[in-house]
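Please read the points below with the sequence and the model open beside you. They are meant as working notes.

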Amino acid sequence: MKIKKNIALSDTGFVFNPASGDSFSVNPIGLEIMKLLQENKSHEVIKKHLLETYSVDKDTIEKDFYDFAKMLEQFKVTESDEKKES
Amino acid sequence: MKRKKVNVAVTGLNNVDSPGPGIPVVRGLLDSKEYDVRIIGLSYDALEPGIYMHELIAKTYQIPLPSAGQNSLMERLRYINSIEKIDVIIPNFDAELFNFIKLADTLEMELGIRSFLPTLEQFEERQKYNLPEFGKKYDINIPKSKTIHSVAEIKNLYQEFTYPLVVKGKFYDASVAYNADQATSYFHKISSKWGLPIIIQEFTYGTEVNVTAVGDGRGNTIGAVPMRKQFITDKGKAWAGITLEDGDLMDLTRKLMKNSKWKGPCELEMIRTNEGEIYLIEINPRFPAWVYLAVGAGQNHPEALLKLALGEKVKPFTKYETGKMFIRYSYDMICDLKEFETISTLGEL
């Protein structure tokens, strides 16, 4: 999963999808995750990074990362590595 | 560069909660870098706010309602032109377009007033009640529609449609009905205002997206900007909107312009379904009230239309800014009774 190329992501955490006109705000950790996804980092690499950076257990990371990734998918700001999502 | 002076007459000055496109069109014209435009307002009602916006409109004249017919309109335009020497006229209401299209040649030949309007055939074939045929002709998805002339026809709609469905007036107004009772109520409400027929349209689930565009009448799209409404009033009017980057919408717009050889301005109202399909739900044969967003995004459609009307060569726009927003607001003007009296009694201000 990666962030679609046309998605605008600002340093303040403002996310704009120019295809749908939708905009969202993400918190600093959300922004960090989205930037890593933009850099084509794998889920495993991102989760490892979060685990090392923040005082959090692995299960919480797994659960929260899964939720966040699903949310990004639902808001149509991501596409799978092989196939473009709508 | 010295700007060329032109006198342009514009209708649609009712900048109220269901705003007419006149004022945004005027703003676009006044932004022109090539033309020094003097605006002549044409109004139907003494309380149209544009009449009192003297910083935008040099002088306003009342004109007869469309129902008065072409002769009355022509007579009034002869008088106005004898004072104002109008170069171009831009009508902005659906209901008045038939008369202006019919008079276009006479206006140009007799009074030298130019316009750039859809042909009568284009105007008719995109009517809401002709839209399914229009879709077939130009290979564009249109939601299933049916024209009805009597409230008695509603009880049998369930045989062809599933609820919810959309009940539409022939010019304006649309409401979503979730059952036959609601459809009946909307039928009466809309037909009493806009007359018959009423159009019943399948409800298409998805996101509404609109495009403002200008065609040169030879198949070229001079400009097109897609927008999604971000804030909608209870009349369904956009109170805020944002320009989109949507190749599919642009392709469909160009296809429609090319195949129909659309002449003049138009607004395409479309629904993009969750599956990504695009359905055309309406074509308005005039600028939308949000056309100034196109100007703000880098495509001055009113100016382009002015140039087309003047017979100048217009290069198609190739880009616009995505993510440009408009946010509408209302504003209380303080006006003198004397001005209201003048427009009410003398028909000009």
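**Notes on the predicted complex**

1. Chain B averages a pLDDT of 94, and 100% of the residues score at least 70. pLDDT is the predictor's confidence in each residue, from 0 to 100. For the complex, the predictor gives an ipTM of 0.74 and a pTM of 0.88. This is a predicted model, in which local features need pLDDT of at least 70 and side-chain atom pairs count only at pLDDT 80 or more, while totals for chains, interfaces and linings use all residues. Residues are numbered from 1 along each chain as its sequence is written, and chains are lettered from A and ligands numbered from 1 in the order in which they are written.

2. The interface involves 7 residues of chain A in contact with 10 residues of chain B (contact: C-beta atoms, placed from the backbone, within 7 Å). On the chain A side, the residues touching chain B are 3 nonpolar, 4 polar and no charged. Here Ala, Val, Leu, Ile, Met, Phe, Trp, Tyr, Cys and Pro count as nonpolar, Asp, Glu, Lys and Arg as charged, and the others, Gly among them, as polar.

3. Chain A contains 3 helices and 5 strands, in the order β-β-β-β-α-α-α-β along the sequence. These are DSSP runs numbered from the N terminus: helices are H or I with at least four residues, strands E with at least two. Chain A is as compact as a globular protein of its length, because its radius of gyration of 13 Å is close to the 12 Å that the globule rule gives for 86 residues. The radius is taken over C-alpha atoms, and the rule is 2.2 Å times the number of residues to the power 0.38.

4. The C-alpha trace of chain A spans about 35 × 30 × 20 Å along its principal axes. Of the contacts in chain A with a separation of 6 or more, 46% join residues 24 or more positions apart.

5. Chain B is divided into domain 1 (4–116 + 332–346) and domain 2 (144–202), with bounds from an automatic or database domain assignment. Their C-alpha centres lie 33 Å apart.

6. B:Lys229 sits in strand β10 (residues 221–232) of chain B. Is B:Lys229 buried or partly exposed? B:Lys229 counts as partly exposed, because it has 19 C-beta neighbours inside 10 Å (buried means 20 or more other C-beta atoms within 10 Å, exposed 12 or fewer, partly exposed in between, with C-beta atoms placed from the backbone). Leaving aside residues up to four places away in sequence, B:Lys229 touches B:Glu208, B:Ala238 and B:Gly241. The C-alpha atoms of B:Lys229 and B:Val209, 20 residues apart along the chain, are separated by 7.1 Å.

Key. Two residues are in contact if their C-beta atoms, placed from the backbone, lie within 7 Å.
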